[in-house]
Amino acid sequence: MGFDLIIFDCDGVLVDSEVISSRAHAETLTRHGYPITPDGVLKRFLGVSDREARQIVEAEIGRKLPDDFEAQVKHATLSFYADDLNAIAHVGEAIAALDMPKCVASSGTPEKIRHGLTCAGLYDQLAPHIFSAIQVKRGKPAPDIFLFAAEQMGADPARCVVIEDSMHGVTGARAAGMTVLGFHGGSHCAPGHEDVLRKAGAAVTFADMRQLPDLIARIGAAAPVA
C-alpha cells in the first residue's frame, strides 16, 4: 500500500447529508433576507465552511447576519438529521476493509460532524481522529485542514489520499500535495458532477463505496515511496 493515511471528508462522503444541510442553510438564509433555494446553496457553497459561506453572503448583502446565524443553521440541520440522515451506502464496510490509519477532515463544526457520524452509525469507526475547519485559519478550498490533519496524524502529505465530493475539497487537497479520489455517489450529486471533480484535480472518480478499497490499492501502488 503506497499511502500512509486516508482522509475522508464527512458530508457527502461518509454521511448523505448535503441535501439536508443545504435545506437548513437555505431556509435560514431566506428567513434573514437572502432568498436562496437548497439547490442554490449546493451550487454556491458545497464544500465551503459555514464561516466562509457567511462572509460571502454578508459581502453581497452589505450587512451582518445575526450573531447566532451559524447556531440557527446548526439547530435546523441537526433537527433534520434525526429523521432523514443516512450513511452513504456501503461506506461502513469500506472503512472496515481499509486496514490503515484514517481520519476525517470536514468543513463542518465538531458538533455537526460528531452528530452526523453518530446518527449514521459511523462515529466509533473513525473517532477520535476527526478534524474540523474551525481548527485552522482558512477553510476549503485552502489546504489548511488537510495539512493540519496530516500533521496531527504524523503523515507526509504526499503519502495521503483524500476522499472528497466537492470541487472546493478536491482543490484544497490537491493544494496540500495529496492524491484525491472524487466521490459522486451522494444524493446531492447531479449528472456530470464527476467531471467537475476531475477538472478540479481528482485522480479518479467513483460512485460506489464498494470500489474504494481496490481503488486505493491500485492508485497507492504508484504513490511516492517513503
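Which helix gives the most to the lining of the largest pocket? In this predicted model, local features need pLDDT of at least 70 and side-chain atom pairs count only at pLDDT 80 or more, while totals for chains, interfaces and linings use all residues. Residues are numbered from 1 along each chain as its sequence is written, and side-chain values use heavy atoms, with hydrogens and water left out.

It is helix 2 that gives the most to that lining, with 4 residues; helices here are DSSP runs (H or I, at least four residues), numbered from the N terminus. A pocket is, on a 1 Å grid over the protein atoms alone, an open set of points where a 1.4 Å probe fits, with protein on both sides within 12 Å along at least five of seven lines, and its lining residues have an atom within 4 Å of a point. The largest pocket holds about 330 Å³ of space, a volume being the space filled by probe spheres set on the points, which are joined across faces, edges and corners. Of the 15 residues that line this pocket, Leu42, Lys43, Leu46, His188 and His193 are the closest to its centre, and helix 2, helix 9 (167-175) and helix 10 (193-200) are the elements that give two or more residues to the lining.

Helix 2 also packs against helix 1, at an angle of about 105° and with the axes 8 Å apart; axes are lines fitted to C-alpha atoms over the stretch in contact, and angles run from 0 to 180 degrees between N-to-C directions. Helix 1 is therefore roughly perpendicular to helix 2, a term that covers angles of 65 to 115 degrees. In this contact (heavy atoms within 4.5 Å), Glu18, Ser22, Arg23, His25, Ala26 and Leu29 of helix 1 meet Pro38, Val41, Leu42 and Phe45 of helix 2.

The structure also holds 3 cavities of 30 Å³ or more, a cavity being a set of points where the probe fits but cannot get out. In the largest cavity lies about 280 Å³ of space, and of the 24 residues that line it, Glu18, Phe45, Gly47, Val48 and Lys112 are the closest to its centre. Two or more residues of this lining come from each of helix 1 (18-31), helix 2 (38-45), helix 3 (50-61) and helix 4 (69-84), and the largest share, 4 residues, comes from helix 1.

The second largest cavity has a volume of about 40 Å³ and is lined by Asp50, Val73, Lys74, Thr77, Thr109 and Lys112, with helix 4 giving the largest share, 3 residues.

Notes. Angles under 35 degrees count as roughly parallel, over 145 as roughly antiparallel, 65 to 115 as roughly perpendicular and the rest as oblique.
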